[in-house]
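Please open the model in your viewer and keep the sequence beside it.

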Amino acid sequence: MSSRAYEHPADRPALVSLRKLTGFETVFKVLSGMIPERSLRLLFLSDSVRVDENQFVHLHHMLVDACEILDLERVPPFYVTQDPQPNAMCIGLDQPIIVVTTGLVQLLDEEEMRAVIGHEVGHALSGHAVYRTILLFLTSMAVRVAWIPLGNIAIMAIVSALREWFRKSELSADRAGLLVGQDLDASLRGLMKLAGGNNLHQMNVDAFLKQAEEYERGGDVRDSVLKILTVMPRTHPFAAVRAAELNRWAQTRDYQRLCHGHYPRRGDDQESRITDSVKESAAHYAGAARNSKDPLMRLVTDVASGAGEFGGKLRDFARGTGRPRPGEQRGGSAGKDGRRDGDRPGSDRPEGEGPAAGS
């Protein structure tokens, strides 16, 4: 299976471009030397518990199953680290490693955890771990060069772009998790627990999705702007938004085709064209804009529609299609005698009056 099978349309063009980028391997090796990846591996090896046939055996079996389902040939190293904050990540340049916290292990049940592990394996298959590691490196560099005039601004511009991409990559990985778990309810429950904690008996998935719909619909343009400002510094979309996105994708024909074994193969990745991915991404955003309930997006769509209508009128006028034909005058249709309706005798008399006095 190619990762293109589940990648979000906003995520896929960047990945296709990178796979075709000449010289990226050279840059990759340089970054591998700059980023202390080896120290990260030693850190988790020395201060966390490695998941294998002897430790956290149930998690190990889930990892192997996820790699088989997504056709990931090399099973990534997997660690559980002590941290009460529920979290999971896939990092590394040369060889991705998967890390989950004890808080997450305690929070999720078996099927919910299976979706999370599939999520992280999806990151590894797509190569997201490379970008995440670079993002962490650039974020750290931005702090170090904050004293240099304009230096911090330049790096933070790159960081902001990477964050926007990475938020979309999370939607791709959510899809991979669903393909591995094959349990939409479990995937949605896991996201709901990330938002509300281990209080499942007091929460409801349908109500959570309605909450996401209310957020997406928003109040007015001010709320739309606040949503943009709130999400910009984040590397992950909000849990409710992720749940709504995944629920929509699970209803599509694309997901059904994948479940029946119809998906692109990894051997054809080099034949995939960047232009096709960009067109698909543009079509996705256009459809999302048309169907969006967000006040700001509706305003932009209405303005664009009005501008398009105005442009069409200008085009018609330039071509002459908007001008009156010979023998016609603007303001009414010509009768048989060449006069407009408003020029005919008696046409200016009020309705119901007879002939004018003195006729």
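Begin by selecting Asp-65, Glu-110, Glu-111 and Arg-114, which are linked in a network of salt bridges, a salt bridge being a side-chain nitrogen of Lys or Arg within 4 Å of a carboxyl oxygen of Asp or Glu. Side chains of opposite charge can pair when their charged atoms come close. The structure holds eleven salt bridges, and several of them are stops on this tour.

Before going on, please note that this is a predicted model, in which local features need pLDDT of at least 70 and side-chain atom pairs count only at pLDDT 80 or more, while totals for chains, interfaces and linings use all residues. Residues are numbered from 1 along each chain as its sequence is written, and side-chain values use heavy atoms, with hydrogens and water left out.

**The whole chain**

Zoom out and colour the protein chain by secondary structure, which comes to 15 helices and four strands; helices (H or I, at least four residues) and strands (E, at least two) are DSSP runs, numbered from the N terminus. Of the 359 residues of the chain, 39% count as buried, where buried means under 20% relative accessible area, exposed means over 50%, and partly exposed lies in between (1.4 Å probe, protein chains only). Among contacts with a separation of 6 or more, 69% are between residues 24 or more positions apart, a contact being heavy atoms within 4.5 Å.

Now select residues 110-126, which form helix 6; its 17 residues reach 24 Å from the first C-alpha to the last, close to the 24 Å expected at 1.5 Å a residue, the expected span being 1.5 Å times one less than the number of residues. Is this helix enclosed or open to the outside? Because 15 of its 17 residues are buried, helix 6 is largely enclosed by the rest of the structure.

At the N-terminal end of helix 6, select Asp-109, which caps the helix with a side-chain oxygen that lies 3.2 Å from the backbone nitrogen of Glu-111. Just after the helix, Gly-127 takes a positive phi of about 85°.

Asp-109 is partly exposed, with a relative accessible area of 32%, whereas Arg-189 is buried at 18%.

Next, select Glu-112 and Lys-193, which form a salt bridge whose closest N and O atoms are 2.9 Å apart. Glu-112 lies in helix 6 and Lys-193 in helix 9, so this pair ties together parts that are 81 residues apart in sequence. Glu-112 is buried, with a relative accessibility of 1%, and Lys-193 is buried too, at 5%.

**A bridge between helices 12 and 8**

Move on to Arg-242 and Glu-170, whose side chains meet in a salt bridge (4.0 Å, N to O). Because Arg-242 lies in helix 12 (residues 239-250) and Glu-170 in helix 8 (residues 151-181), the pair ties together parts that are 72 residues apart in sequence. Both Arg-242 and Glu-170 are buried.

**The nonpolar cores**

Select Leu-59, Phe-78, Met-113, Ile-117 and Val-121, which touch the most other members among the 36 residues of the largest nonpolar core; such a core is a set of buried Ala, Val, Leu, Ile, Met, Phe, Trp, Tyr and Cys residues joined through side-chain atoms within 4.5 Å. Which element gives the largest share of this core? It is helix 6, with six residues. Leaving aside residues up to four places away in sequence, Leu-59 touches Val-51, Phe-78, Val-80, Val-105, Met-113 and Ile-117. A second, separate core of eleven residues includes Ala-239, Ala-240, Ala-243 and Ala-244.

**Two loops and a strand**

Select Phe-56, in the loop between strand 1 (49-50) and helix 4 (57-69), which has a positive phi of about 50° although it is not a glycine. Asp-71, in the loop between helix 4 and strand 2 (78-81), likewise is not a glycine and has a positive phi of about 60°.

Finish at Thr-101 in strand 4 (residues 97-101), a residue that is buried, with a relative accessible area of 5%.

Technical notes:
Polar contact = N/O pair within 3.5 Å; in protein donor to acceptor, adjacent residues only side chain to side chain.
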